[in-house]
Amino acid sequence: MADSDSSSTSNYAFIDSPPFEAKKEESLKLEFSQDEEILITKMFNLVGERWSLIAGRIPGRTADEIEKYWNSRNSNSQ
C-alpha cells in the first residue's frame with residue numbers, strides 16, 4: 001500500500017502543474033498590440049461576433065483568444 005500511496009502523490013503533483021502553466025501562458029497571449037486591438041475593433045464593427053473570421057486576419061491568434069480578449073475588454077460596458 002505504501003508504494004501505491006507514493007505513486008499517486010507524485011501523479012497529483014504532475015497533474016497540478018500543467019494547468020497553472022497553461023493559465024500563465026493564456027494570460028500572456030491575451031496581451032494584444034495596439035494594431036491588433038484596432039483591427040479587432042474594426043473587424044467587429046464590420047462582421048460582429050464572427051471570431052474565426054476576425055482571427056483569420058490576425059496571424060498567430062485563435063478565434064477563442066480574440067473572443068476572450070473582446071469579452072474581457074468590453075464586459076464593463078454591458
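**View 1. Glu 65, a buried residue of helix H4.** Glu 65 is buried, with a relative accessible area of 13% (buried means under 20% relative accessible area, exposed over 50%, partly exposed in between, with a 1.4 Å probe and protein chains only). Glu 65 lies in helix H4 (helices are DSSP runs of H or I with at least four residues, strands are runs of E with at least two, and both are numbered from the N terminus). The side chain of Glu 65 reaches the backbone nitrogen of Thr 62 at 3.0 Å. The model is predicted: local features need pLDDT of at least 70 and side-chain atom pairs count only at pLDDT 80 or more, while totals for chains, interfaces and linings use all residues. Residues are numbered from 1 along each chain as its sequence is written, and side-chain values use heavy atoms, with hydrogens and water left out.

**View 2. The crossing of helices H2 and H4.** The axes of H2 (residues 34-47) and H4 (residues 63-74) come within 12 Å and cross at roughly 90° (axes are lines fitted to C-alpha atoms, for helices over the stretch in contact, and angles run from 0 to 180 degrees between N-to-C directions). The two helices are therefore roughly perpendicular to each other (65 to 115 degrees). From H2, Glu 37, Ile 40, Thr 41 and Phe 44 meet Ile 66, Tyr 69, Trp 70 and Arg 73 of H4 (contact means heavy atoms within 4.5 Å). The residues of this contact divide into five nonpolar, one polar and two charged (Ala, Val, Leu, Ile, Met, Phe, Trp, Tyr, Cys and Pro count as nonpolar, Asp, Glu, Lys and Arg as charged, the others, Gly among them, as polar).

**View 3. The salt bridge between Arg 73 and Glu 37.** The closest N and O atoms of Arg 73 and Glu 37 are 3.2 Å apart (a salt bridge is a side-chain nitrogen of Lys or Arg within 4 Å of a carboxyl oxygen of Asp or Glu). Arg 73 lies in H4 and Glu 37 in H2, so the pair ties together parts that are 36 residues apart in sequence. Arg 73 is exposed at 52% relative accessible area, and Glu 37 is partly exposed at 24%.

**View 4. The salt bridge between Glu 36 and Arg 61.** Here the closest N and O atoms are 3.1 Å apart. Glu 36 lies in H2 and Arg 61 in the loop between H3 (51-55) and H4, so the pair links parts that are 25 residues apart in sequence. Glu 36 is buried at 15% relative accessibility, as is Arg 61 at 17%.

Conventions. Parallel < 35°, antiparallel > 145°, perpendicular 65-115°, else oblique. Polar contact = N/O pair within 3.5 Å; in protein donor to acceptor, adjacent residues only side chain to side chain.
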